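Trainee: Could you walk me through this one before I set anything up?
Mentor: Gladly; have a look at it first, and then ask away.

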Amino acid sequence: MEKNKFQNPSGMHDILPQDEFYYQKIYNTGQKILDFYGFEKIDTPILEMADLFSRGVGEATEVVEKQMYTLRTKGKDLLALRPEGTAPIMRAYLQHGMHTWLQPVKLWYFGPFFRHERPQAGRYRQFNQFGVEFLGEKSPIADAQIILILTAILEDLGFKNLVVKINSIGDSNCRPVYKKILLSFLKNKKSELCSDCQERIKTNPLRILDCKNAKCRQILAEAPQTINYLCPECHQHFKEVLEILDEIKVSYTLDSHLVRGFDYYTNTVFEVELAPVKKEVAEKKEEEIIAEGAVPVEAPKVEEKEELQLGSLAGGGRYDKLAKSLGGGDIPACGWGIGVERVVEAMKARKMKPNEPVVQVFLAQIGILAKRKTLRLLEDFRKERIRVAESLGRDSLKNQLARADRLGAKYTLILGQKEALDGEIIIRNMENGQQTTVDQKDIIKEVKKRLQQENK
Ligand SMILES: [Zn+2]
Ligand SMILES: [Zn+2]
């Protein structure tokens, strides 16, 4: 065979049909919950002015400095493939005067984002993100509610053992003070830090806190913590967020090293991870790991190593100063984003299967006349909203019955040469093999009757 000439660009992946079910399940699960909580969907363009991100997300952030795909248009505009979802939505909020709408404005989105980073497990250069933005609300109730919603979506998908890590990084009032204290702590340790962190001392010292390098982590274990340097307002806000979380029974872990990568965050920041599941626990408590809506195939065996590679499934926080940095007014807001590919990987690692559509009826045919009649019959079933599978490409009845079996069809309708001529059709009960011949014009009625009896 000739070698394939073309392959997908590195870090950009095809989502094949069997994987689309995972994406659809995530989309549908999220949509249902967000509908309930009064969030409305918004779509912004894939391309934005590059400035939007350098001003909104921050010039010195890794995403803007190193990972953004930019292009110069013929009109000389510098555009960027959106690397994240919050700045574009705030841009839309300001542009369309949403501050004049009834506040808060609650929005959600689902779509592709782009970052030029080293491809690794669950991390792609084109990835899907699913997120919410809660705009125009400064109350800590908003922070707590979006965290509740985030865990609700992940739990509805079937995840258990969620770990919500939370921290407060203060605001423009108290963060500079903390930065100074952190820098003076790091003063004599610079040479021991990894090269990235040595660079970060100049550009973005807060990011040193969440460096994954083992040596850096060791040094940082002793570092001063942001929450001890919050101004009274920030302290009060964070305290209330935690109190509300306690009240609504969302458990969390305080993580003084959590800072998140973007400049626009103020006050609350959070991430959600999955607790590593030990093998023996996983095998014993299958039903606890696989919840409603997910079909267990076999006891999930999850390696601890696999879990660590995945990192957080979702993250977010409050960003009260973003609107101002984009030329708008004071718009308090918070939000989160779920890394859809990571959630898909985690579902697969846990052998959580998305619900594939259930096939109850399979339509088999033999011969050219039967094939033609099948097309019409399929359309009649579609109008009655009965899902019918077929495999028009195959001729052998044996193959078709095997496929019907594999799909889990309860009934197979068999249209042979003779039946096609006589205006009849055979209905076969796949469980007991019983076959009955009925008039073609009565077949929909007959199938409906049998399916109704099944459901009783
Ligand atoms: Zn480091
Ligand atoms: Zn403050």
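Mentor: Of the 456 residues of the protein, 36% count as buried, a residue being buried if 20 or more other C-beta atoms, placed from the backbone, lie within 10 Å of its own. This is a predicted model, in which local features need pLDDT of at least 70 and side-chain atom pairs count only at pLDDT 80 or more, while totals for chains, interfaces and linings use all residues. Residues are numbered from 1 along each chain as its sequence is written, and chains are lettered from A and ligands numbered from 1 in the order in which they are written.

Trainee: OK, and how many helices and strands are there?
Mentor: The protein has 18 helices and 18 strands, which are DSSP runs numbered from the N terminus (helices H or I, at least four residues; strands E, at least two).

Trainee: Why is β16 described as largely enclosed?
Mentor: Because five of the five residues of strand β16, residues 411-415, are buried, the rest of the structure largely encloses it. Tyr411, Leu413 and Leu415 point one way from the strand, whereas Thr412 and Ile414 point the other way.

Trainee: Which strand runs parallel to β16?
Mentor: That is β14, residues 361-365, joined to β16 by five bridges, with phenylalanine 362 having threonine 412 as its bridge partner; strands pair if DSSP finds at least two bridges between them.

Trainee: Switching topic, what box do the C-alpha atoms fill?
Mentor: Taken along the principal axes, roughly 90 × 60 × 55 Å.

Technical notes. A residue is buried if 20 or more other C-beta atoms lie within 10 Å of its own, exposed if 12 or fewer, and partly exposed in between; C-beta atoms are placed from the backbone.
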